Amino acid sequence: MAQEAQQSQPHPCGPYPPIEKLGAVGDRRTAAVVATDGTISWMCLPDYGSPPVFGALLDVEHGGCWRIGPADLSEAGLGRQA
């Protein structure tokens, strides 16, 4: 029963967003790939040569991600269609 509940919940890092919903943010030393909902799906620290801290862009199941933003995106206006 508990296994069924885990499978029905969406993965916090997925699904992969469309490419047009991603942007790169950086400071010439490191960079992050950020989605329009605030999810960081790829980031290496402390510099470009370091292993990624978040790698969901490459592997949504095991890569990890981080998100900051409202719990309900529809209330923030991000869930609306233009």
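Student: Where in the protein chain is confidence lowest, and where highest?
Tutor: Helix α1 (residues 2-8) is lowest, at a mean of 50, and β1 is highest, at 93. That is pLDDT, the predictor's confidence in each residue, from 0 to 100. Helices (H or I, at least four residues) and strands (E, at least two) are DSSP runs, numbered from the N terminus. This is a predicted model, where local features need pLDDT of at least 70, side-chain atom pairs count only at pLDDT 80 or more, and totals for chains, interfaces and linings use all residues. Residues are numbered from 1 along each chain as its sequence is written, and side-chain values use heavy atoms, with hydrogens and water left out.

Student: What makes β2 and β3 a pair?
Tutor: Pairing takes at least two DSSP bridges between two strands. β2 and β3 have 3, in the antiparallel sense. Ala-32 stands opposite Met-43 there.

Student: How many bridges join β1 to β2?
Tutor: 5, again antiparallel. Val-25 faces Ala-32 across that pairing.

Student: Why is Thr-39 called buried?
Tutor: Buried means under 20% relative accessible area (exposed is over 50%, partly exposed in between; 1.4 Å probe, protein chains only). Thr-39 has 9% relative accessibility, so Thr-39 counts as buried.

Student: Why is strand β2 described as largely enclosed?
Tutor: 4 of its 5 residues (residues 31-35) are buried, so the rest of the structure largely encloses β2.
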